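Please look through the structure below together with its sequence, and then follow the paragraphs that come after, which take up a few places in turn.

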Amino acid sequence: MHTSARWRHALMSLFPMLLACFLSVSGCSGGDVDLHVGKNVVIYSEPSDPKSLDPHRAGDVVSSRNVSNAYEMLYEYDYFARPQKVVPGLAADLPEVSEGGRVYTIKLRKDVYFQDDPCFPNGKGRQMTADDVVYSLKRFAGLPDTTGWWTADGKFEGLNEFRELALGVTAGVKDEVEWIALQRELMNRPLAAVRKIDDFTVQYRLAEPFPQFTYVLTMSYYAVMAREAVEYYGKRIQFNPVGTGPFRLKDWNFNFEVVWERNPNFRKQVYPEIPKDFEAVDGLSPRESYQPFVGKTLPLADEVRVKIIKESQTAWLNFLAGNIDFSGIGSDEFTAVIQNEDLTDDMRRKGIILKKYQRPIIEYIAFNMNDKKIGAEGGEKAKAIRKAFSCGMDRQRYINDFLNGRGTVATMLVPPSFPEFDGDYTYKWSQFDPEAGRKILTDAGFTLVKEGDIWQAYYDKEKKEKVQLTVLCRGTSTQSKDMAAFLNDSGRRVGIETNAQTMQFPEFLQRQHEGTGQSYNAGWVMDYPDAENIMGLLFGKNAVDHGVNSSRYKNPKFDELFNKMKLLNPNDPEELVEKRKLVLEMHKILEDDCPWATIYFQKQYRLNHEWNAPNAPNDFFYGDVKYFASDSAMRAQRVAEWQERPLLPGILLVGFLALASGLFFFKVYRQE
Amino acid sequence: MWNYVIRRLLYAFPTLLGVLFLTFVIFFALNPPKKRAAQIIGGKGATELQIMQWLADNDFAELSESGHKKIDRRKQLTDEAATNGKTPIDVLKQLQSENIAIRSATGTSKDEIAAKAKAEGKSQLELLVAWHNAGLIDLTLAAAEKDTARKEAQKKKEEAEKAAKGEQPEKEGADKKDDAAAAEPAAKPADFTDPFAGTEIAWGEADFIAESTSDWEVLLASDYAEYNWGRLLWNYVTDLLTFNFGETNEKRPVTEVLGSGFWPSLKLMIPAFLIAEFFSLFFAMFAALYRGTKIDRTLVIASVLLMSISPVAMIMFLQKFFASDWQYFPISGYAEGFAAYQYLILPIFIYVVVSLGDRVRFNRILILDEVGQDYVRTARAKGVGQNTILFKHVLRNVLIPLITRWAVIIPNLYLGSLLLESFFGVPGLGDLTLKGVLNLDLNLVKTLVFIGTIIYILATLLADVLYAIVDPRVKLS
């Protein structure tokens, strides 16, 4: 053997050695996840960092849920009540409403202290008073870049003027010290919208009666902040939340993890009694499962770790491994998890619990009533097109094929989880019946022809002008493309040549705001459980540019009923009866005009591990993290049980690589 | 050599400026600030005012010609008023009738305050406070209350007038009974004092000047020029050259964002790069040495196979099997210091496997090129040992194209890997560029481009210096 060959052989043996080292080292490293035994630690994942922890600024879901850990609002939602009900948070009681529903006098709790923070004298959190509530509304109204101004716009007495003034004063001021000083001057201005009566009583004055006001006060834009903290931290307040909430921020590693720990200054709050008329509906667990927690001090968890995991596969695998406590189901995993609308045996063996609940999100087609062809101007013919198109949509098939069954046909505009929902009623244009749709068209004088499998309607006997419809679809995701295909197909069934266009979301919104589309495939996430929120989308006053009434529907009769309906409180049994009646009457009007074709309500599937305290999903309530708990010992035990590192695949793999490299180097040797 | 280095560094300047100019054109000309503002404010239906405010806050807008004209006209009027004995209110009314904006709630335009403050060498706030102390303006609560009282009284008066006309008084009248302050008489115009000739300053006057929101918005917005290209370019270049990177859309300083993701990305990418280069050179040497034999063919086929597998599929499969099903590795995660490597082994392994095919083929060709050279044949003929040829001569010459390649790859290592980082939960910079572009986050994107350019310039310079060190034939002059 040459000396040179020895060199090469040394190199050759190096490779399998390195490989073996690599695999064995890595084999030891797996699964060393901190299990937090002995502490009650809740771990869940979000797909992105919170945009901001400033409650008055950000309103997206991730931010809201995180913000609600640190801050509290005057009101929150009852944990168990379905349909959802508002209960006092920082307020001592429900508001006292006077002057025909325009003045809300609210008593505050006296046991609320801010968390300890260097911004306070001696670093001790001080008591929250009416001044803080007044200050918070002013600060919110004065923020140029809040996403939540729509919740207050025009609703308070004098608040719009205050905002104009505030924006005028602070416009273009870039120096932070100066900005804060100007803000300070502003905050000293008296404001009609909210006034301090005494240290623990505030009074809101509204521009007009607004019975849904307490719902608005549950939103994080109305969180109570301390003036000292805002001035102490300036812009950095969004990274240093100082609130009265159940948790305080322990650590925020951007792109990785947000850690919350129990706030020792949190007011005394205990897990609520389970109501007598409790029913395990809409995502609630059986009564017994909540029983062990009743009377325990909130928050239940010592620590909440929010992992930022962008990739859905990674989140899912972490959930399966027990590193994350709860999870949704991605479309990739759906068939492996759910069979026949229930968990697969594999999942059940792992002790995973499935929860299904209704989300207050409606998907619909809004026809533009200002359009010449299909709008109000088109008269009976246009009406027929709108109705026929609604008949052509096989909604159940869409739900089954594209949503894995996670939806229910929208038989009303009001979601099933709302008190105003009526199960006996079906909106006439929510049912799939292409034959009826075609009949509507022929009755209205259209010429209907079957071309192959496709129906086509014409305005005239000579078949010159086709009946066409353009639908704008929001977003360019797969889901949006599926929807576009579904709409095109639906139109063909009844003879309407449909052109569904997918577009970027901002562009879609722009078109919708300006009212330049023929029809829109729109979605609406309800803000609070009151039919006013959804029916307002068809209210005549909102039928303006940038208004929420994107179909620009105007019907004085509908508006009159709406004005009556919106003043009724759904939590009052007597008023509810009246309200339901009015909502039905409004639907009857819509049946005649058909400005919308409803499609479906979203349904959510959520998975929990058995070591989680049973939760009560509620899409309106972001402050429910304080009710979360995890049995860390049980988690550790389960993770240990599930831990199996089969040696065989590893051995096979190393063996294969060793064999391959052995053969390879043997060849090399032979070549010598 | 030093001359060369210095000259290259001087060349770097125009290069950098050129890149800055090009990116400026791409960012601004293709997507003008106003359009971008509308896109960012987006969902909420941006109004003209919101857009102008965004532009002003982000230094894109300045006072327009019409804005300047308005200011001039105002000065003229106030000067006249001082001599004619007119009250400030008269001036304001005149301005209002001419549809001229006065852009500040203080009644003095912001620019005037700013100019005055600059002239006196004070901050705007100091100036305001000084005015307040001098009794020129009133910033106290009392003044604000007086102001409110005045307006309420005015409202009452209007209602009374309505009632006099025989109309039913509106409901609000009854609601305001408890506001005793409202009964106070209206403050007369003479109550207001003026700091400059005839300029009225009192909180709350904004409503007086522009009565409805829409008027106010239009007036405010029209005070700005859309943008001044020259100034925009100047700001763009000077900001970057002074390392003033600004804030992201989420209001985090760009430097902080880069700083927090820098190490995680490097921790992942540097070992991955080194290991991949080592193994690829190793295999490439065999393939080149035994060119045309089964060894060569096997290696080339294996390389092509590896190149054909999609990286995403590779990541998903290996993560699923190695980390989830067989639990040899953690699924995802990160830790401080060296402990991070328990989480990083699998992504590094995947990087090596995924990039091996491409690298082996590339390096094989480099080595083949050298092996075919005359000097190798001569050395062989002289009886020089195989290893001496390989390591002393061939590998050394191969280093030149390799350095060229590394000079391209290494500057990008700090940006991490988008796929690996998001699948393995590494808090690096991998998705930063994508996120920046998707969110229209100008400050972030321009900083990344700028830093990328600098690193690239330095890397190519370093590569040139290395050429000279590796290859004595190369003279840097």
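Does Cys391(A) count as buried or exposed? At 4% relative accessibility, Cys391(A) counts as buried, where buried means under 20% relative accessible area, exposed means over 50%, and partly exposed lies in between, with a 1.4 Å probe and protein chains only. This is a predicted model, in which local features need pLDDT of at least 70 and side-chain atom pairs count only at pLDDT 80 or more, while totals for chains, interfaces and linings use all residues. Residues are numbered from 1 along each chain as its sequence is written, chains are lettered from A and ligands numbered from 1 in the order in which they are written, and side-chain values use heavy atoms, with hydrogens and water left out.

The closest cysteine sulfur to that of Cys391(A) belongs to Cys594(A), and because the two lie 8.0 Å apart, they are too far from each other for a bond. Cys594(A) is itself buried, with a relative accessible area of 0%. If a disulfide is taken as a pair of cysteine sulfur atoms within 2.5 Å, the count over all chains comes to zero.

Next comes a helix of chain A. Helices (H or I, at least four residues) and strands (E, at least two) are DSSP runs, numbered from the N terminus. In helix H16 of chain A, which covers residues 505–514, Phe508(A), Leu509(A), Gln512(A) and His513(A) are buried. Seen down the axis of H16(A), these buried residues fall within an arc of 130°, so they line one face of the helix; the arc is that of the directions from the helix axis to the C-beta atoms. An α-helix has 3.6 residues a turn, so residues three or four places apart point the same way. The cover over the buried residues of H16(A) includes strands E18 (468–474), E19 (497–503) and E20 (519–525) of chain A. After H16(A) comes Gly515(A), whose phi is positive, near 70°.

Chain B can be taken as a whole. Chain B has 21 helices and two strands, and of its 477 residues 48% count as buried. Among the contacts in chain B with a separation of 6 or more, 72% come from residues 24 or more positions apart, a contact being heavy atoms within 4.5 Å. Within chain B, Ile6(B) is found in helix H1 (residues 2–29), and at 47% relative accessibility Ile6(B) counts as partly exposed.
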